[in-house]
Each structure stands twice: as structure tokens, then as C-alpha cells.
Amino acid sequence: MKKEKIIIGTLILTVATTSVRFIGMFFRIYLAGTLGAEGMGLYQLILSFYFLMVTFATSGIRVAISKLISEEIALGNYANAKNVLRQAVGLSLFTGITAGVILYFFAPYIGSNILNDERTILPLLYLAPSLPIMAISNCYKGYFYALGKVSQPSIIQIIEQLTRISLIIFLMDYYLPKGLEYGCVAIAIGMTAEEIIALFLIWFLYICDKKAKWKSNKKGNNMIIKILSISLPISGTSYLNSILRTVENTLIPVRLLLYGLSSEMAISLYGMVKGMVLPILFFPSSILTSLSSILIPSVAGDNAVSNEKRVSRTLSQVLHFTAISGILVVAVFVAFPNEIALAVYKDSQVGIMIKIISYVCPFMYLNMVISSMLNALGEQFSSFKVNIIESILKISIIYFFVPIYGFKAYLFALFITTILNTILYLIRLLQVSCILFDVSNWIFKPIIAAAIALVISKYSFSLFIRNSGNIISLISSIIILCLLYLMGLIVSKSVRLDSIYEMKKSLFR
């Protein structure tokens, strides 16, 4: 019965993540239409520094909770499992309050001197209270993920999203006429309200959970050192990543100005890529996000009891699934970039960017999943080193080459650093695990299958468009592409039906 509940819970997580992505995508369409490209650029600037503070408040803690509770349960140390959560909440409360205070009192300096736009100050002030609230709820979410009870945080995720969107749409009509700055204030209020609702709900579900009432004769050990040993390397990576990402995000508009673009054009182009194109490209990764959430407790539990065979099998199957998913996404976006851009944003220029950047999707997806694998195997410091190399290289390219070559230099930086990061991650994963990267079945055969499916689906679209509307033709052609791709994988024996069942057993046992 427990196995069935975990499988159902994981399915709920995938459905919830996909639902949130759908809702979020429609909301981004609303924001793009309401704020415009310049407003989206301003919004992304605010988020770039806000996420730096979120990283300081929460980074590494949920991973540590998920990993340690899974290990302690596997070893039967229930008292230690409870101590992990209690001490993590205390630590998160400290980091969350500290981050909130920094953001609130330094918002004027941040907006004027770091983000170089005073319109970002007021939204940052409204976002500050959300940080300690988010830090605490993050701990309880890690607890549920560790137990495989993914349905609870999944339901909350949907409620959070709906709360935020409803409130923002309600406030936007009042705030936006005052200017783009106040449109971003409406978003900030919605995001803070979202975190308050999430904390109340996740805490309520926790106190109702039977596992929270574990009984043990042992007092339990002080787990703070173990928590910090896992969270600090991840946090260090995330802090540096966030700092460098903030530097990157503030550099792009500034260096584009030196290239010769106007301030409005620079912030609009930045907003188009960061706020419109990349969310579209990451939209299909809902299932991979779910797999990453399940992967840490699943692999950490097996690793704790030295079950190397199961760890190796799980990692191999997830890598295979990620690779073929990324190649499918490239095929879809290369086949129909303009059609997707016009259907979503009614902007053909977005389509050009989608087609160009889509080629890096497999590396982005592999990056996300391999990072989770390394964290599950205790390789946080390896991730730290790789991310330093990636970020410094990207900022260097932006700083020196964007003023000369414009936005093309940023796209080059995005490609080269993402590919390099993924390769370095993969090399380290192969060193610390027993998996073998099957280039033929994971790369070559899927590319051939995707290319054939792409050509046929493009032809089918040209036939559909004569008799049906654009949206119906587009959806029909994408479905045909996906089905043909799946058939190609099965015929070429890149995917075997029994391997799907094995992956389900490895992850959802």
C-alpha cells in the first residue's frame, strides 16, 4: 500500500508541476501583454536580486533535510530524523530573517547602484517580508519530499500559484496606471501573500501527519553539523551562482548600452529573453523537475545502505530519459518556433530567439538532473567548483564581448557555458558512480528519430493549415511529432518498454 501511495504521490507531483507551469505560462502571457517587453525586463531585474536573497534564506536546507531524513529513516534512526527537521527550521528562521532585513534596509542602495534602476526599489521593499516565511515553509516541504509524500507540497504549490496570480491580476488595474514600477509592486505583494498562504498550509499538513509523531526511545543526536555539511557547499554554490547571475543580469543591459542600443531597447531585449523565451523553453521540463525532487531521497537512501547496483540503475535510467526528452524539445521548437511564439506572445521576434536558444535545451535539462544526482551522492563541492567556472566564463564574455558584438555575444556565452557546465558535471558523475553513458541509445538514435519526426510533422502542418486554424494545426502537428519520435525510439531500440517499468520500480518503490 505504501508503494502505491508513493507512486500516486509522484504522479500528483508531476501533474501539479505541469499544471503550475501551464498556469504560470498563461500568467506570463498576461504579464507580457500588460507590462510589455520593458516591464518584463524591469520585473526580471527585480527577480534577479530577489532570488539572490532567496538563495541566502533557503539554499541547501531542503536538499539537506530531504537527504538526511531519508538516510536516517533507512537506518531506523527516527529520533535523528525529527532532529534534522527541528534544527533545520531554526537555522532557516535565522537565515530568512537576516535576508529579509538586508533586502528591506538596503533596497534603496540595491535599486540605485546595483540594479541601476530606481523603479526597482519599492517592489524590493514589498518582497522583503516573504523571505523568512519562505525559509520556514521550505523545511517542511523538504520533510514531505524525504518521506515520498509529494502530494502535500504539490497541492500547496497549485494553491500558492493561484493565490499569487489572482491577487496580482486584482491589484494590477489599480497599480499599473501609476507606472511600471507600481505594476511590479502589485507582483511583489502577490508573491509575499503566496508565501504566507504556503507556510500556513504546509505547517497544518505537517501537524496532521502521522510520521511527525514518531516515537523513539533514543534522544537523538545533534544534527546541525550534518545539516551544515550538506547545505553549506550547496549554499556556497548557490550564493556564488546567484551573485554572479545578478552581476550577469545587471551587466547585460549596461553592456548593450555600450554596444549602441537605447536604454529602453536594452531592457526590452533582456526582458524578452529572460522573461519570455527561457520560460517557454523550460516549460516542458515539468516531469524532469518532479524526477529531480524524487531523485535525492531515492538515491540518498540507497547510497546510505551501500546499494550501488540500484543507485547505478536509477541514475542511468533518469539520464537516458532526460537526454531523449531534451532532444524531443529541440525538435518541437526548431520545427515550430514562429508558430509557438505567435500563439503564445503574438510576437515573431520571440520565435527567432526560441529557435536559436532551443538547441541548448538538452544541456539545460541534463544540467538540472545531474546536479540533483551529484547532490544525492554527496558531491556538493564538485557542483560548487563547476558553477564557479561556468559563471566566471559567462560574465567575462558578457563584459568584454557584448559591447563589441551585441546580443549575439550573450547568446554565445549562454551556449558555451551551459554545454561546458553539463560536460564537467557529467565527467564528475561518471567518476563517482558506476553508470555508463550510452552515446548510441541516448544521443545518436534519438537525434535521428527526432529529425525524421520533425520533417514529417512540418509537412503535416502545411497540410493541416489549409483546412484548420493555426492553433489546432500546431497542436496536431506537435502531437504527431511526439508520436513519431516515440515510435522511432522504440523501433531503433533506443527505448525498451521493460526499461520504463524498471525506472518506475527504481524511483517509486
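This is a predicted model: local features need pLDDT of at least 70, side-chain atom pairs count only at pLDDT 80 or more; totals for chains, interfaces and linings use all residues.
**Exercise 1.** Determine how many salt bridges the model contains, and state which residues Glu38 joins in a network.

*Solution.* Step 1. The criterion is a side-chain nitrogen of Lys or Arg within 4 Å of a carboxyl oxygen of Asp or Glu. Step 2. Under this criterion the count is six salt bridges. Step 3. One of the pairs is Arg119 with Asp117, whose closest N and O atoms are 2.8 Å apart. Step 4. Arg119 is partly exposed, at 27% relative accessibility, whereas Asp117 is buried, with a relative accessible area of 14%. Step 5.

**Exercise 2.** Identify the helices that the salt bridge between Arg164 and Glu194 links, and classify both residues as buried or exposed.

*Solution.* Step 1. The closest N and O atoms of Arg164 and Glu194 are 3.0 Å apart, and the two residues form a salt bridge. Step 2. Arg164 belongs to helix H6 (residues 151-175) and Glu194 to helix H7 (residues 180-207); the pair links distant parts of the chain, 30 residues apart. Step 3. The cut-off for a buried residue is under 20% relative accessible area. Step 4. Arg164 has a value of 12% and is therefore buried; Glu194, at 10%, is likewise buried.

**Exercise 3.** Explain which parts of the chain the salt bridge between Lys274 and Glu248 ties together, and classify both residues as buried or exposed.

*Solution.* Step 1. Lys274 forms a salt bridge with Glu248, with 3.3 Å between the closest N and O atoms. Step 2. Because Lys274 lies in helix H9 (residues 263-282) and Glu248 in helix H8 (residues 224-259), the pair ties together parts that are 26 residues apart in sequence. Step 3. Lys274 counts as buried at 17% relative accessibility, and Glu248 counts as buried at 1%.

**Exercise 4.** Derive the relative orientation of helices H2 and H3, and describe the residues of their contact.

*Solution.* Step 1. The axes of H2 (residues 61-74) and H3 (residues 78-114) come within 8 Å and cross at roughly 170 degrees. Step 2. Angles over 145 degrees count as roughly antiparallel. Step 3. H2 and H3 are therefore roughly antiparallel to each other. Step 4. On the H2 side, the contact comprises Ile61, Ile65, Leu68, Ile69, Glu72 and Ile73. On the H3 side, these meet Tyr78, Asn80, Ala81, Val84, Leu85, Ala88, Leu91 and Ser92. Step 5. By class, the residues of this contact are eleven nonpolar, two polar and one charged.

Conventions
Residues are numbered from 1 along each chain as its sequence is written. Side-chain values use heavy atoms; hydrogens and water are left out. Buried means under 20% relative accessible area, exposed over 50%, partly exposed in between (1.4 Å probe, protein chains only). Helices (H or I, at least four residues) and strands (E, at least two) are DSSP runs, numbered from the N terminus. Axes are lines fitted to C-alpha atoms, for helices over the stretch in contact, and angles run from 0 to 180 degrees between N-to-C directions. Angles under 35 degrees count as roughly parallel, over 145 as roughly antiparallel, 65 to 115 as roughly perpendicular and the rest as oblique. Contact means heavy atoms within 4.5 Å. Ala, Val, Leu, Ile, Met, Phe, Trp, Tyr, Cys and Pro count as nonpolar, Asp, Glu, Lys and Arg as charged, and the others, Gly among them, as polar.
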